[in-house]
Every structure is written in structure tokens, then in C-alpha cells.
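Subject: Structure for your review

Dear colleague,

Please find below the sequence and structure that I am handing over to you. My findings follow directly after it.

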Amino acid sequence: MVTPREYRVDLDLLNQAAKTELIEPDQLERLIRTGRVVIPANPRREHPVCAIGEGCRVKVNVNVGTSQDLCDVDMEKEKATAAISAGADCLMDLSTGGDLPKIRSMILSFPVTVGTVPIYEAVRRAGNVADLDADLLFKVIREHCEQGVDFLTLHCGVNREVVQSLRQDPRTMGVVSRGGSFHAAMMISRDEENPLWAEYDYLLEILAEYDVVASLGDGMRPGCHEDAMREAKTVEYLNLGRLARRAHEHGVQRMIEGPGHMPIDQIGYNVKMIKELTGMAPLYLLGPLVTDIAAGYDHITGAIGGAIACQNGANFLCMVSPSEHLALPRTNDIIEGTRASVLAAHVGDLAQGNAAAYNREVQMGQARRDLDWKQQFSLSLFPERAKEIHDRDGNRETCSMCGDLCAVKMVRDIFG
């Protein structure tokens, strides 16, 4: 049994985060101690702090990583570089092909917060899901912590009760979370409970030892609109609430992962329910994707859902790329997907009343009034792209769409 301990707050990390987020240190400390903000920062590696949660700027994560079918480490390095340049705050290594510890080491060399999903490597090392046991899974989790990973996606809430709910209320897509499917298959093939549920106290001991954040995974996230109304995700929500409370009681930072595909009118309700059940823990979302039929443009459907989720209290968005559901992302997919998520995060910041985000909007309005193109570019989320489009028709006082009929220029000239 884990012994309850005081919720530790590293003062140096606290002060760095408070400065970055423009929050008073004592206020941020209260948010951390109450579990509403986490700072994933494994002390085994240094990188700029990234506070996630209430009162903080909405953060963006980008998934990179190899597959068994396409294992190009140089491309993954290029993708990680591109993601950070496009505005990513965090990276996740989801590699399943090649030398996984070596690839992870490469991703960990980037100066950002990094997360992983340990069960991916555990299944590879076991050979198949049926041969994966608790000892190997916990061994891999510990190795990821020792290597310097800041947060781990752990599908602790996928237990036998969840599997039973899948049988009682079948879903069109079944289980689309790779980690969720691994745990479900592991339980069924071995006729055992999910070890991350059954031995959760031991998991908390490991995470506490290494100061690693638990990202409690959404193994039952809906994979299509029809499944958003099925029972399994709600059973998992309840499990995640219990697990979040136990982690916090034992001084382990945790955040919650949320739903995938979901009709737009259900997003607010689901976000608020998850937040309430988990004690207002930081919420990390993939999407949600608001339509199933936009293949090739799922970065846009994800950005729409992400912005609405943030309006209702979500704190952390996972990038969705144009290649979602289609193929392993290439570098251009990463750039476009990251930009869409960064845009959604900014819209979320505005909805949550972030003062810095609002002031930037005020300054952009003034720059457009003054036809100050240099200032407009500097305030844009993607300055190089904005300048590229404006300058393609020549460097002019107004844009080439309105030219001498520019309404802004005429009104400025008339009223002075």
C-alpha cells in the first residue's frame, strides 16, 4: 500500500513556470497542490518548464515516432524539429519499430517536455500481447522513467468492468486506442485484471520515485461518432476519477486523457464531466474530431473540436495531422497539424480569458488599422507564412485584394 505523502512542489520549477505563465507564484503553487496544474519535469534531464492546467496557456503536444512498416529515424528527427519550429510545447515518442530505446534517446535530446506510451515497447519486447506480463510492463515503465521521460500515458482505467461494458453495449469501432486494445487483449488472453489497475499502488510508487507525471490514458475513446454515445467511455471516466484521486492523495502528479471522435454538441458536456469526476485535473485531448468523413483534413476537424473543448476547460491538445487514419505522418503533415493545433490552443486561451492572448489580439487590431505590415507579421501565429502570402504580389501599402479600394485606408484618410 502506498503511504500518503505531502504533495511536493519544486520551488525552482514553480518560479520558472509562474514567470512563463504570468501567474503569481503563490497562486500557481495552490493550483499545483490542488492537482489543477502539473509540471512534467523529470529531474534526470533539463528543459524549459511546461505547466499544464488551469490558468496556464493551453499547450500543444505533437506525436512522432516510427512504425514497423516505416522506420526512418532521420525522418522522425526532422519531424520533431519541424513540430517545435511550428509551435509544439511537447513531444511524444510513439515509436513501435526499430531500436526503441535509441529512438527515444534521440527524442529526449530535444529541449522540450517528452512523453511516451510504455506498453508499446513492452508488447514489442514480449513478442505479442498474450505473452506480456506485469513484470515486463513495470520494468519498461521504470526504464522510461530512468531515461528521463517526463510523462507516461498509462491506460490504468481499462479494467474488466470496462471490457464487460464493451460486451454489453457493443461499439461500431470497438477499441481504437492502441494502448487500450493491448490491455483489453492482455486481460482476455491471460484471464487477468489489468496490472496497472490491480497494482496501481505499485505504479504510483515508481512514478513518485522518479517525479514522473501519470497521463491517465483514454483507452476507450470513441473511434467514430456513433461510439461516442456508447457505455464504455463513461465507465472509464468513472475509473479515471478514482485513479486521479488516489494519485493526488499520494503526491503523484496526474493529468487525464479525453475522448477522440465526438459530435460537436457533446464536447462541452463530456469535458465538464471528466473535469468534475477527476477533481479538475488537467485534461489532455486528441481532437476531439467533430466529423468522421474529413479524411485528409482531420487536422481541421481536430482543431475545431479542440477549440470548443478548451472553451469548456481542456488544457492540453494533441496534434492531429492531415494523415490521421490514413498513414504515418510525414514532415509536412506534422507542420500543418501542429499549426492547426496551435491555432486551436490560442482560440482556447481567448475563451479561457488569458490576458496575454487577448492583448495580442488588441495589438493586431491596431496594426491592421495602421496598415503596419511588419507589426502584423510579428503578431501572427505563423509570421513567415503570413509574410510569404502578402509579399507574393509585391511589397505594397495595402493587400492586393483591395488595392486602391482598401476600406481601412479610405477610412483612415478621411478621419485621420
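How many Å apart do the C-alpha centres of domain 1 and domain 2 lie? In this predicted model, the separation between the two centres is 39 Å. The division behind that value places residues 59-353 in domain 1 and residues 356-415 in domain 2.

**Where the domains meet**

The contact between the two domains involves 7 residues of domain 1 and 6 residues of domain 2. Together, the domains bury about 590 Å² between them, and carbon and sulfur atoms account for 80% of that area. On the side of domain 1, Arg339, His346 and Leu350 contribute 72% of the area buried against domain 2, which is more than any other three residues supply.

The residues of domain 1 on the side that touches domain 2 comprise 4 nonpolar, 1 polar and 2 charged.

Rolling a probe the size of a water molecule over the atoms shows where empty space is left. The structure contains 4 cavities of 30 Å³ or more. The largest cavity holds about 60 Å³ of space. Its lining is formed by Asp93, Ser95, Leu100, Arg104, Thr116, Val117, Tyr120, Glu121 and His144.

Yours sincerely

Methods
Residues are numbered from 1 along each chain as its sequence is written. This is a predicted model: local features need pLDDT of at least 70, side-chain atom pairs count only at pLDDT 80 or more; totals for chains, interfaces and linings use all residues. Side-chain values use heavy atoms; hydrogens and water are left out. Domain bounds come from an automatic or database domain assignment. Contact means heavy atoms within 4.5 Å. Buried area is the accessible area (1.4 Å probe) that two parts lose on being put together, summed over both. Ala, Val, Leu, Ile, Met, Phe, Trp, Tyr, Cys and Pro count as nonpolar, Asp, Glu, Lys and Arg as charged, and the others, Gly among them, as polar. On a 1 Å grid over the protein atoms alone, a cavity is a set of points where a 1.4 Å probe fits but cannot get out, and a pocket is an open set with protein on both sides within 12 Å along at least five of seven lines; lining residues have an atom within 4 Å of a point. Grid points are joined across faces, edges and corners, and a volume is the space filled by probe spheres set on the points.
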